[in-house]
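Visitor: I would like to learn how to read a protein model step by step, beginning with the whole chain and ending with single residues. Could you guide me through this one?

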Amino acid sequence: MNNEGLWRADETTLVSALSCCTNLGSLDAGRSIHGFLLRNVSELNVIVQTCLIDMYVKCGSIEKGLFLFQSMQRRNRLSYTVIISGLSVHGRAEEALKIFRDMLSEGLTPDEIVYVGVLSACSHGGLIDEGLKLFEMMRFEHRIVPTIQHYGCLVDLLARAGKIDEAVEFIKKMPKKPNDVIWRSLLSSCKVHEHLKIAEIASEKLCELEPNNTSDSVLLSNAYAKAHRWEDLAKVRRGMAAKGLIQIPGTSTVEVKRKLHKFVSQDKLHPKSHDIYEMIHQMEWQLKFEGYLPDLSQVLFDVDEEEKRDRLRAHSQKLAIAYALLYTSQESTIRIVKNLRMCSDCHTYTKLISKIFDRTIIVRDRNRFHHFKSGICSCKDYW
């Protein structure tokens, strides 16, 4: 449209284009549209500014989103919702709560969507007491009837912190019937905290709600693998095969020189595969001096230690990092998008790589963003 001269700088069209960038996670395209807006629109309205903030935070650039939010002359409830939710998934729970308090001090009344964002922030940050207080504030001070999303945030808050029994009791007392999201959240936390009894209950509930969901079966089988219950794992896998369920492979995608490169675990198909594995070797050599030891418990197969090391070495996230280190400039940020939750070994590995190579690495997994810099992650090892 622009090249053919069919339109002027129309904010409505650009907001739609920004929404596309947000959904795709395309930061470079979003920046281009932002630049076009600045060159062609004298003053951006609240809707456009909020869409820009949403694009930046969901594409991994939380600092830019926060800067734009703080620069706004006028904010509405949606603006606050976007930045609070953004800070939540970037692991900045305390800042999310501060902005929520700023919203209240400005006289804006939070709605149920704002509360989903702020309760989610408490969950991601492990702020149990604050989350419970906010839940009560929502119900009694602002007279908001909790939805299933709010109850889900509370279950996630408790379960993520390892309070599995308390989460189960909370579910029992809920006035609403728990949905698949709540049971899946509980199952995921049971895997992390090795609470197999409750994991099996959550899995049964999920089978009743969504009998053909592959990810739920994989979660349970991974919980069995972590506990070395190989016979139970095999039983789950046989059940998946009988239903024709296929496990979706974990992938990591990195943008290098405006092109997306997708990797899977043990990937040898990339044109630069030889260089990538050479880089992996160099990275491991330097990691030894930082005291890195691979977490073999993250290999969910009954194989010997050497094969476990080989499998860990070629996780998709590590391949993506190696490629980015080879073919991006030293000062550039490495941005990786994963379709599954990051494993704890890749988390430790990436922290140390960010320190050794003095690079900022941002990883978006299924649950949140992780910002690695100087050997530290924004999640503070709580995710």
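Guide: Let us begin with an inventory: this is a predicted model, and the secondary structure of its protein chain comes to 18 helices and six strands.

Visitor: How does the radius of gyration of the protein chain agree with that of a compact globule?

Guide: The general idea is to set the radius of gyration against what a compact globule with that number of residues would have; for 383 residues that would be near 21 Å, and because the protein chain has 22 Å, the two agree. Along its principal axes, the C-alpha trace spans about 65 × 55 × 40 Å.

Visitor: What share of the 383 residues is buried, and what does the accessible surface come to?

Guide: Buried residues make up 48% of the 383 residues, while the accessible surface of the protein chain comes to about 19,700 Å², with 52% of that area belonging to carbon and sulfur atoms. As for charge, the protein chain has 53 positive and 48 negative charges, and their mean positions are 1 Å apart.

Visitor: Among contacts between residues at least 6 apart in sequence, what percentage joins residues at least 24 apart?

Guide: In the protein chain, 65% of those contacts join residues that are at least 24 apart in sequence.

Visitor: How many bridges join β4 to β5, and how many does β5 have with β6?

Guide: Strand β4 (residues 361–364) is joined to β5 by four bridges and runs antiparallel to it, with R364 standing opposite F369 in β5; these two strands form a hairpin with four residues between them. Strand β5 (residues 369–373) pairs with β6 over two bridges, again in the antiparallel sense, and here K373 stands opposite I376 in β6. The hairpin of β5 and β6 has two residues between the strands, and S374 in that turn has a positive phi of about 55°. Strand β5 is also mostly covered, as four of its five residues are buried.

Visitor: Which residues is K58 in contact with, leaving aside its neighbours within four places in sequence?

Guide: K58, which is found in helix α3 (residues 46–58), is in contact with T22, R364 and F369 once those neighbours are left aside. The latter two residues are the pair that stand opposite each other, R364 facing F369 in β5. K58 counts as partly exposed because its relative accessible area is 42%, a value between the 20% and 50% cut-offs.

Visitor: Is K318 buried or exposed?

Guide: K318, which lies in helix α17 (residues 316–327), is buried, because its relative accessible area is 1%, and the cut-off for buried is under 20%. Leaving aside its neighbours within four places in sequence, K318 is in contact with I280, M283, Y292, L312, R313, D345, C346 and Y349.

How values were computed:
Residues are numbered from 1 along each chain as its sequence is written. This is a predicted model: local features need pLDDT of at least 70, side-chain atom pairs count only at pLDDT 80 or more; totals for chains, interfaces and linings use all residues. Side-chain values use heavy atoms; hydrogens and water are left out. The radius of gyration is taken over C-alpha atoms; the globule rule is 2.2 Å times the number of residues to the power 0.38. Buried means under 20% relative accessible area, exposed over 50%, partly exposed in between (1.4 Å probe, protein chains only). Contact means heavy atoms within 4.5 Å. Accessible areas come from the Shrake-Rupley method with a 1.4 Å probe; for residues, only the protein chains shown count as cover. Lys and Arg count as positive and Asp and Glu as negative; His and the chain ends are not counted. The place of a charge is taken as NZ of Lys, CZ of Arg, CG of Asp or CD of Glu. Two strands pair if DSSP finds at least two bridges between them.
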